[in-house]
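Me: Got a model I'd like to talk through, starting with the charged side chains. Can you take a look?

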Amino acid sequence: MTIAFLVMATDNVYAHKKPIPLRVFYDRPQAEGWVNDLIDYHLSPPEMPVEDNREIWNGYKARLEEWRRGHPAGAEASHYQHFGVYDVPLG
């Protein structure tokens, strides 16, 4: 039986967000490699300011939005915290 490897974005149950399928691979190492890329991307968001200054926060929000748009899985996936590979039997 052929197996495809589906990369999904998930979040914790309390976030009340449905998992979203992101991409299908026919090679597990490729799927896992892409998941690692997604996780690496999530480790580098713009740094949240500590100052109580509207101008600084507006700049942060603009950088965060740009970061979301550049997400390798798309802006919607940038709102998720977990990514995983799921085996999907074909046929």
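Me: Arg-28: buried, partly exposed or exposed?
Reply: Partly exposed, because its relative accessibility is 27%. Buried here means under 20% relative accessible area, exposed means over 50%, and partly exposed is in between (1.4 Å probe, protein chains only). This is a predicted model, where local features need pLDDT of at least 70, side-chain atom pairs count only at pLDDT 80 or more, and totals for chains, interfaces and linings use all residues. Residues are numbered from 1 along each chain as its sequence is written, and side-chain values use heavy atoms, with hydrogens and water left out.

Me: Which residue in strand β3 does Arg-28 pair with?
Reply: Asp-87, through a salt bridge at 2.2 Å, N to O. Asp-87 sits in β3 (residues 82-90) and Arg-28 in helix α1, so the pair ties together parts 59 residues apart in sequence. Salt bridge means a side-chain nitrogen of Lys or Arg within 4 Å of a carboxyl oxygen of Asp or Glu; helices (H or I, at least four residues) and strands (E, at least two) are DSSP runs, numbered from the N terminus.

Me: And what does Glu-32 do?
Reply: Glu-32 also forms a salt bridge with Arg-28, with the closest N and O atoms 3.1 Å apart. The two are 4 residues apart in α1, which means a separation of about one helical turn.

Me: How many salt bridges in the whole structure?
Reply: A whole-structure search gives 3. One of them joins the side chains of Lys-17 and Asp-11 at 2.8 Å, N to O. Lys-17 is partly exposed at 29% relative accessible area, whereas Asp-11 is buried at 16%.

Me: Switching to the inside: what makes up the largest nonpolar core?
Reply: It has 12 residues, among them Phe-5, Val-7, Ile-20, Trp-34 and Phe-83. A core here is a set of buried Ala, Val, Leu, Ile, Met, Phe, Trp, Tyr and Cys residues joined through side-chain atoms within 4.5 Å.

Me: Which elements supply two or more residues?
Reply: β1 (2-10), β2 and α1, with α1 giving the largest share, 4 residues.

Me: What does Val-7 touch?
Reply: Leaving aside neighbours within four places in sequence, its contacts (heavy atoms within 4.5 Å) include Ile-20, Phe-25, Trp-34, Leu-38 and Val-85.

Me: Where's Tyr-26?
Reply: In the loop between β2 (20-25) and α1 (28-42). Tyr-26 counts as exposed because its relative accessibility is 61%.
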